[in-house]
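Work through the exercises below with the model open. Try each task before you read its solution.

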Amino acid sequence: MKNSLLELMKDRRSVRAYKPDPLSEEDINDILEAGRIAPSSQNRQPWRYIVFTDREEIRKLSRNTGLLGLSNFFIKDAPCVIIACAEMKKNLRVNKKDYYLVDTAISFQQMILCAWEKGIASCWMAAFSERLLARYLKIPKSWRIVAMSPFGYPEDEEGFYGKLLDRFSSGERRMPMEEIVQFWQTEDEKK
Ligand SMILES: Cc1cc2nc3c(=O)[nH]c(=O)nc-3n(C[C@H](O)[C@H](O)[C@H](O)COP(=O)(O)O)c2cc1C
C-alpha cells in the first residue's frame with residue numbers, strides 16, 4: 001500500500017497486459033463504491049456502470065467494440081471490464097458545457113485509484129465505436145458511453161503493444177509545471 005494519495009497517483013499507470021486471475025467480489029464492490037461516492041455537478045450523479053466478470057462475455061464484448069476498439073484487444077484477457085456510461089437526463093449544462101463527462105470522469109478515476117491501491121490495474125479507454133457498443137449492450141437511448149476499462153492484476157511484463165504505446169503516448173512523460181500552471185500575482189508582486 002502506498003503511503004500517501006500523491007504517491008499512489010504518481011505510481012499509477014495504464015496497464016495493457018493482464019493476468020486472468022479473478023478479482024474478489026469485495027474488491028469489485030470497493031471499486032464501485034469509490035465511484036458511487038464521487039462528487040458531481042449539482043450532485044446529479046449521472047454515471048451508470050456495466051460490470052463484466054465472465055471470461056466468455058468479456059471475450060464477446062471485446063469483439064463488439066467496432067474497428068476502433070480493435071486497438072484495445074487486450075481487454076479480452078482481463079478478469080473484469082467496467083463500462084462507464086452517463087444518463088443524459090442527469091446532465092448539467094452550464095456555459096454551453098455538458099458536465100456529464102466531468103462527473104463521470106471523476107467517478108471513474110476514483111475507481112481506478114481505489115483499484116490501484118489494491119494492486120489492481122486498469123486502462124482508460126475511449127477507442128470504441130459508441131454506436132456499435134451501445135447496440136450490443138442494449139443500453140437506454142438516454143445513455144452515452146463515456147469510457148471503459150479492464151480491471152485486473154498486471155502481468156509481470158507489459159506486452160509488445162503496451163510497451164509501444166508507453167513509448168509514444170505515456171507514462172512518466174508529463175508536461176513541466178511551468179507550462180501548465182500560472183500563479184496569479186498580486187499588484188505588488190507584479191512590480
Ligand atoms: C479519456 C482517456 C481515454 C483513453 N483511451 C485509451 C484507449 O482507448 N486505449 C489505450 O490503450 N489507452 C487509452 N488511454 C490511456 C492513455 O493513453 C494514458 O492514460 C496516457 O498515455 C498516460 O499514461 P499513463 O496512464 O500510463 O500515465 C486513455 C486515457 C484517457 C484519460
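**Exercise 1.** Is Asn 43 buried or exposed?

Some ground rules come before the solution. The model is predicted: local features need pLDDT of at least 70, side-chain atom pairs count only at pLDDT 80 or more, and totals for chains, interfaces and linings use all residues. Residues are numbered from 1 along each chain as its sequence is written.

*Solution.* Start with the cut-offs: buried takes 20 or more other C-beta atoms within 10 Å of a residue's own, exposed takes 12 or fewer, and partly exposed lies in between, with C-beta atoms placed from the backbone. Next, take the count for Asn 43: 9 other C-beta atoms within 10 Å. Asn 43 is therefore exposed. Now place Asn 43: it sits in the loop between helix H2 (25–36) and strand E1 (47–52). Helices (H or I, at least four residues) and strands (E, at least two) are DSSP runs, numbered from the N terminus. Last, check the backbone. Asn 43 is not a glycine, yet its phi is positive, about 55°.

**Exercise 2.** Where does Lys 96 lie, and why does it count as exposed?

*Solution.* Find the loop between strand E3 (93–94) and strand E4 (97–98); Lys 96 is there. Lys 96 counts as exposed because it has 5 C-beta neighbours inside 10 Å. Lys 96 also has a positive phi, about 60°, although it is not a glycine.

**Exercise 3.** Describe the whole protein chain.

*Solution.* Count the elements: 9 helices and 6 strands. Take the spans: the C-alpha trace covers about 65 × 40 × 35 Å along its principal axes. Finish with burial: 28% of the 191 residues count as buried.
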